[in-house]
Amino acid sequence: MAEQLFYFFIYPGLLFAGIVGGLLSWFDRKITAKVQFRKGPPLLQPFYDFLKLLLVKETILPERGSKLTFLIAPLFSLIGATLSAIFILLPLLNIDIGFEGDVIVIFYLLTIPSLFYVIGALASGNPLASVGASREIKMIISYELTFLLIFAAVIMKAGMTINLQEIIQMQAGGNAFIGSISGVLLFIAGLFCVQAKLGMVPFDIAEAETELSEGSFIEYSGTAYSIIKFTKYIMLFILPALLVGFFMAGFNWEGTGILWSVLKLLAVVLLLTLIRNTNPRLKVKQVMRFFLVGMNIMVIIAIILIYFGL
Amino acid sequence: MGIKSFCLKKSLWVFHFAGASCNNCDIEILDVLTPRYDVERFGIQLIGSPRHADVLLVSGSINQRDKPRLLEVYNQASKPVFVVAFGACGCTGGIFAEGNTFAGPLDQIVPVDAYIPGCPPKPEAILAGITKLVKTI
Ligand code: SF4
């Protein structure tokens, strides 16, 4: 029991994932600043933001709307993110071998945060938040199928094993999945899915700052908003980590392997940041067409290639 | 200095309320986000929702129509929130102070924590104003 609690709260769950995610969030903002020839925020900026929201600001509850749901939704999204962090990071950090079928559990757990953003937004009773929520739902409808197909393709490529640990071990010894044509196609599709799941530009239509003023999160303040921020930090860590596990042979904690592991993770986040900085926001229609037609066809081609062993 | 005020100082999120301004001030505000002045290095961000705001930056004079809206935004912001009067119009009413729709200078409507005078203020003056505000926290 004590061990499980340690996994959940400290390592590799809540605390560890949150701290690494916060550092990655700084990396993302710093690269953005560099792309725009600015200096960028200091290293601990994400934690200043989080602590300020948590400790200093007051939490305002919506007058018209369900107060309880409004407050519980961020908590559940945090729990969903932490649970998926545990199941992704245990095999990835070589702490525990996971269990048969954990890939499927991870897939379901990863949808929980977005779903609870939607519920929280609808509970706030703000019209802009409900527009944001409806856009978020449309996003979920468009990218989840692609994401599921990617999982299926990776499982197929790994010889029908549904254990993350075994998928990573299949790639040991220099034959990472990204080294093949199908792997590259899947990685590109996965990158866009992660981008959409993180709500980064060009897929930030749900929290469009300019026309919806933060959309789904418009009513959140103080502690509740700090929990959402923390969830976002965790997601910024575990989703790229999952991609590294699926396509780049996971992490390796021996000798120079540590350096390589960190570089792999940073490379994925760097790609996400560069996509975010070089693209304008898409419309809902464009996002749906992009995933439902473009990305799905790409993943299906990859699956066919896998079938022929490419 | 406690951790609370330290974190607050390091991460001020600004909500921009434009009253009846001539828009020159609004453009100067964008200036301090550009590479040359880059206020993000102090953790300052422009945000879209008053619920997340730490600083309410009010530019332009406040007329009869703006007054109720300003009060509403001020009440919506989660406390503690600092109000900064921006530009000659924000500080005193400027050239609009004699107009018949003018609803009084900003500091008679909401408590003001810092004034940044100028018509419009230069980016350097804005940074100086921010520094003064941070020192009062
Ligand atoms: S202070 Fe000057 S520049 Fe600013 S809104 Fe007023 S008139 Fe325009």
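Residues are numbered from 1 along each chain as its sequence is written, chains are lettered from A and ligands numbered from 1 in the order in which they are written. In this predicted model local features need pLDDT of at least 70, side-chain atom pairs count only at pLDDT 80 or more, and totals for chains, interfaces and linings use all residues, while side-chain values use heavy atoms, with hydrogens and water left out.

**Ligand shell**
- Around the ligand (a heavy atom within 4 Å) stand Ser21(B), Cys22(B), Asn24(B), Cys25(B), Gly87(B), Ala88(B), Cys89(B), Gly118(B), Cys119(B) and Pro120(B).
- Helix H2 (24-31) and helix H4 (87-92) of chain B each give at least two residues to this shell; H4(B) has the largest share, with three. Helices (H or I, at least four residues) and strands (E, at least two) are DSSP runs numbered from the N terminus.
- The shell holds six nonpolar, four polar and no charged residues, where Ala, Val, Leu, Ile, Met, Phe, Trp, Tyr, Cys and Pro count as nonpolar, Asp, Glu, Lys and Arg as charged, and the others, Gly among them, as polar.

**Helix H6 of chain A**
- The 31 residues of H6(A) (residues 127-157) should span 45 Å at 1.5 Å a residue, and the end C-alpha atoms are 45 Å apart, which agrees; the expected span is 1.5 Å times one less than the number of residues.
- H6(A) bends by about 30° at Tyr143(A), the bend being the angle between axes fitted to the seven residues ending there and the seven starting there.
- Just after H6(A), Gly159(A) has a positive phi of about 70°.

**Cavities**
- There are two cavities of 30 Å³ or more. On a 1 Å grid over the protein atoms alone, a cavity is a set of points where a 1.4 Å probe fits but cannot get out, and lining residues have an atom within 4 Å of a point; points are joined across faces, edges and corners, and the volume is the space filled by probe spheres set on them.
- The largest cavity contains about 200 Å³ of space. Of its 18 lining residues, Val14(B), Ile44(B), Leu57(B), Ile126(B) and Ile130(B) lie nearest the centre.
- H5(B) provides the largest share of that lining, four residues, and the lining comprises 16 nonpolar, two polar and no charged residues.
- The second largest cavity contains about 40 Å³ of space, and its lining has eight nonpolar, no polar and no charged residues.
- H10(A) gives the most to the lining of the second largest cavity, with four residues.

Methods. 1 Å grid on protein atoms, 1.4 Å probe; cavity = no way out; pocket = protein on both sides within 12 Å on 5 of 7 lines; lining within 4 Å.
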